[in-house]
Structure formats: structure tokens, C-alpha cells
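Visitor: I am new to this structure and would like to learn how to read a few of its features. Please show me the model, and then I will ask about them in turn.

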Amino acid sequence: MRSIYAGVDWASEKHDVLIADETGEEILAATFAHDEAGVRGLCRALVRHEVTLVAIERPDGLLVERLLKAGLRILALHPNQVAATRDRFRASGGKSDRFDAFVLCELARTDHHRFRVLEPDSDQTKALRALTRAREDLVGTRTALTNQLRAELARFWPGPLGLFRDLHSRISLAFLERYPSPADARGLGQARLHGFLVREHYTGRQQPGQLLAKLRRAPEARVGELELGIRRALVLSLVATIKVINEQIKQLERQIATAIREHPDGAVFLSLFKAPNSVICAAELLAEIGDCRARYPTRDTLAADAGHAAVAIESGKRKAACFRWACNKRLRTAFCTLADTTRHHNPWAQDTYARARARGHDHPRAIRTLGRAWCRILWRCWQDRMPYDPARHRALQQHITVTIPTPSGPRPDLAATQRMAGAAVTEPAAQRAEREALDGKPTSAITPEG
């Protein structure tokens with residue numbers, strides 16, 4: 001049975017398709033509109049010609065979902081891979097949508113063994129991904145509006161800036177809603193400010209007199225009554241919009257917490273974090289990694305897709321490790337958050353980060369070094385469908401185990417180890433460390449493993 005291949009150059013308004021057989025002979029070249037009739041016709045044409053593989057430059061989206069639903073196997077190629085291949089088939093440097101469809105079809109026909117077929121995630125994972133990305137977009141919108149509000153206040157009333165920790169926090173928005181201009185705060189005294197702080201459940205350490213003095217020290221702008229009224233209305237409008245976005249973000253976070261706890265792999269990702277309410281980063285990791293184990297056959301493929309594996313460049317005597325730009329940016333951010341969080345409470349993570357800094361790495365690179373170590377751990381837990389257990393993390397147990405010299409050799413001090421790391425060490429782990437120490441393998445010389 002002969003194999004049929006197709007390349008689809010997708011766009012927002014139309015999709016160019018080229019179908020060829022295993023010898024490269026063209027079977028169909030067509031353009032389909034990006035509407036229901038066009039997408040249905042595209043799927044019908046690919047199914048009718050019994051296409052074996054479809055190459056496309058994106059891993060998700062409406063078109064990809066429709067192709068998967070039609071039972072087609074997809075090669076999701078990175079745009080950099082396609083761009084690097086165009087010169088194989090041209091000398092003039094020209095480019096067109098139909099030519100890109102031809103390049104994609106040729107890659108599917110001749111190099112399909114070098115790429116992995118796209119494996120769809122479960123509906124639960126897709127729903128969680130939609131929630132986390134929607135929250136990310138809303139947080140970005142809130143940041144933009146908060147910056148706009150900060151710039152507006154700096155123009156005519158910088159007093160509220162820095163009064164509370166975050167300008168988008170509930171107490172900051174409540175203050176600006178009550179006192180949106182210097183004229184509204186003219187009669188504000190310590191007693192009234194104290195009452196406001198009590199009503200808003202202020203938990204900061206500054207007294208009302210200190211906050212009021214900070215408010216009064218701010219420079220005063222010289223604005224007319226008409227301009228002051230307009231700027232006051234702008235502040236109230238921005239405050240109202242940010243309050244709505246804050247409520248939407250909280251609602252999404254509640255849905256994310258419920259979704260990840262109900263997900264079959266939720267316990268694996270939640271186990272990496274110390275606090276039980278650390279659901280956002282865990283959900284982002286799960287949503288971006290997915291639940292298809294074949295997508296990352298090795299731990300290095302996960303580290304590369306997460307942007308925590310450096311790109312090696314060798315030429316003659318020159319060797320360099322460069323920053324990896326082509327990766328899943330959301331997944332890289334999530335692993336950086338995991339690394340930066342765990343280095344404050346996990347002794348092994350703290351030591352891994354400290355040793356990276358001692359080698360001369362700056363903070364971002366040291367975080368990526370620790371992030372790659374967590375990639376290895378998470379990949380193993382994810383493949384085995386087992387939550388992270390500190391007692392089974394050999395590198396952690398070796399790091400926190402305290403040994404004392406004895407006439408017969410070094411021996412772990414279980415009591416001292418438990419005082420150092422709480423319940424992180426177990427009796428079996430101490431026994432293993434004791435056996436390794438007696439074999440002449442000092443725990444301090446053991447490299448932490450993932």
C-alpha cells in the first residue's frame with residue numbers, strides 16, 4: 001500500500017494544501033477558505049485521498065483539532081525547521097504560501113522519521129490549558145492597566161504610589177476608589193485613615209500616621225479644575241476595570257485549583273510544591289507538558305522543550321553553550337518558578353543553586369541549571385505516574401544526611417538529620433547512606449541526581 005503525504009500552510013483567512021504520493025508526484029494542490037465549508041472540505045479531501053501524514057507549522061488550534069478529529073496523523077513542525085529547509089528547494093530566495101505547502105509536504109514525505117507524530121491530550125488537559133492560558137492573558141491585561149494607572153497617578157497625584165505593596169491589590173484599589181484625587185483626600189486624617197484600614201483588613205506593619213506622612217510628602221501637581229476632573233474620572237475608570245479583572249482572575253484560579261486536583265496527573269505535579277495552595281505553577285506545568293508520555297520519550301527532550309537545556313555550538317576548537325530561544329516559553333517560565341520557589345526550602349535545590357552561582361553563573365542561569373535538574377525529576381515522576389517523594393529522592397537524602405565519624409567508619413546520625421530536614425529523611429534512606437559511606441563513597445562527594 002502506497003503512502004500519501006500532505007503539507008498544509010495555514011493562515012487566518014485561507015489554507016494552501018499540497019498532496020503528493022511517496023515518489024513526490026503531485027496529487028492535489030488546492031486552497032481552502034478558513035470558514036466552516038472550507039475546513040470541512042479540507043478534511044474531506046485529505047481523508048478521501050487517504051493521506052498518511054499531514055505536516056503543518058503549529059501544534060494546536062482550530063484547524064489542528066479538526067484534522068485530528070478527522071482521524072489524520074499530524075507532524076507539527078517548528079517554523080524554524082521549515083525556514084531552514086526552504087533553501088533545499090529554491091535558488092532564487094522566493095517564498096509563497098503554495099511553496100511553503102510544498103516544503104511541508106516534502107518534509108513529511110522524506111524526513112517524517114526525524115519528527116514525532118502529534119499526540120492529542122485528553123479533554124481534561126485541554127480544559128486545564130485553556131484555564132491557565134486565559135489566566136495568563138488576564139494577568140497581562142491587568143499589568144498593562146496597572147501601569148497605565150500608575151502613569152496617570154504620577155502625572156497629577158503620586159501620593160498613593162507605594163502607599164501599599166501592590167497598586168492592583170484590593171486595599172490600593174479601595175483607597176483610590178474612595179480618594180481618586182488630591183481634592184478628595186484633603187480632609188483625610190489619622191482617625192479616618194485608621195477606620196479605612198480597619199474596614200479593609202490592612203495587614204501591613206505601618207501605622208496610619210506613617211502612611212499619612214508618606215501621602216503628604218508626595219509632590220503636588222499644578223492642574224486646573226477641568227483637567228483634575230478628567231484625570232479623576234480616568235482613575236476611577238481604571239480602578240473599576242482592574243477590580244473586575246481581579247475578580248475574573250480569582251474565579252479562574254478557583255477553577256484551576258479544582259481542575260488540577262481532579263486531573264489524573266494532578267497529584268504528580270502538586271507534590272513538587274511545599275504549600276498545598278500552590279496550584280497555579282503546578283497547573284501550568286501540567287497543562288504545557290500534557291498527559292501524552294510519548295511526547296517526551298527522554299528527560300532531555302523535556303528539558304529542551306522547556307528551554308532549560310543549553311544549545312551546544314562547536315566549530316573547530318571553539319565550544320560554547322548558548323541560551324535556547326526555540327522552546328515552549330510558558331513551560332520555561334513555569335520551571336523557572338518551580339526552581340526559584342524550591343531553592344528557598346529544599347536543601348538539595350538550595351545547594352544546586354548555590355553551586356551554580358559559585359561557578360560564576362548569574363541568577364537566571366543558575367535558576368535554569370536548577371530547573372533542568374527538576375526537569376529530570378519531574379519527567380521520572382510523570383512517566384511513572386508517581387508523586388514526588390522526598391524520601392525516594394536519593395540526591396536529597398544524601399545531601400541532608402548528617403554523618404558522624406566512628407572507629408568503624410562514618411555513620412549517619414538519624415536524630416541530627418531529622419532535626420535538619422524534618423521528616424524528609426527516612427530510616428531506609430539513612431541505611432542506604434550508611435552502606436554507601438562504609439563502601440568508601442562519601443556523601444559530600446556524590447553528585448546530586450535527578
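Visitor: Does R385 count as buried or exposed, and what is its relative accessibility?

Guide: First, note that this is a predicted model. A residue counts as exposed when its relative accessible area is over 50%. R385 counts as exposed because its relative accessibility is 52%. R385 lies in the loop between α15 (363-384) and α16 (394-400).

Visitor: What is the phi of R385?

Guide: In general, most residues other than glycine have a negative phi. In this case, R385 has a positive phi, near 55°, and R385 is not a glycine.

Visitor: Which loop holds E50, and what is the phi of E50?

Guide: E50 sits in the loop between α1 (36-48) and β4 (53-56). E50 is not a glycine, yet its phi is positive, at about 55°. With a relative accessible area of 53%, E50 is exposed.

Visitor: Now to helix packing. At what angle do α11 and α13 pack, and how far apart are their axes?

Guide: Helix α11 (residues 280-289) and helix α13 (residues 329-342) pack at about 145°, and their axes are 9 Å apart. The crossing of α11 past α13 is left-handed.

Visitor: Which residues make the contact between α11 and α13?

Guide: From α11 come C281, E284, L285, E288 and I289. The α13 side consists of R330, L331, A334, F335, T337 and L338.

Visitor: How do the residues of this contact divide into nonpolar, polar and charged?

Guide: In the contact of α11 with α13, 7 residues are nonpolar, 1 is polar and 3 are charged.

Note on methods. Residues numbered from 1 in each chain as written. Predicted model: local features only at pLDDT ≥ 70, side-chain atom pairs only at ≥ 80, totals over all residues. Heavy atoms only, no water. Axes fitted to C-alpha atoms, helices over the stretch in contact; angles between N-to-C directions. Helix = DSSP H or I, 4+ residues; strand = E, 2+ residues; numbered from the N terminus. Left-handed = near helix turned anticlockwise from the far one by under 90°. Contact = heavy atoms within 4.5 Å. Nonpolar A, V, L, I, M, F, W, Y, C, P; charged D, E, K, R; others polar. Buried < 20%, exposed > 50% of the residue type's maximum accessible area, 1.4 Å probe, protein only.
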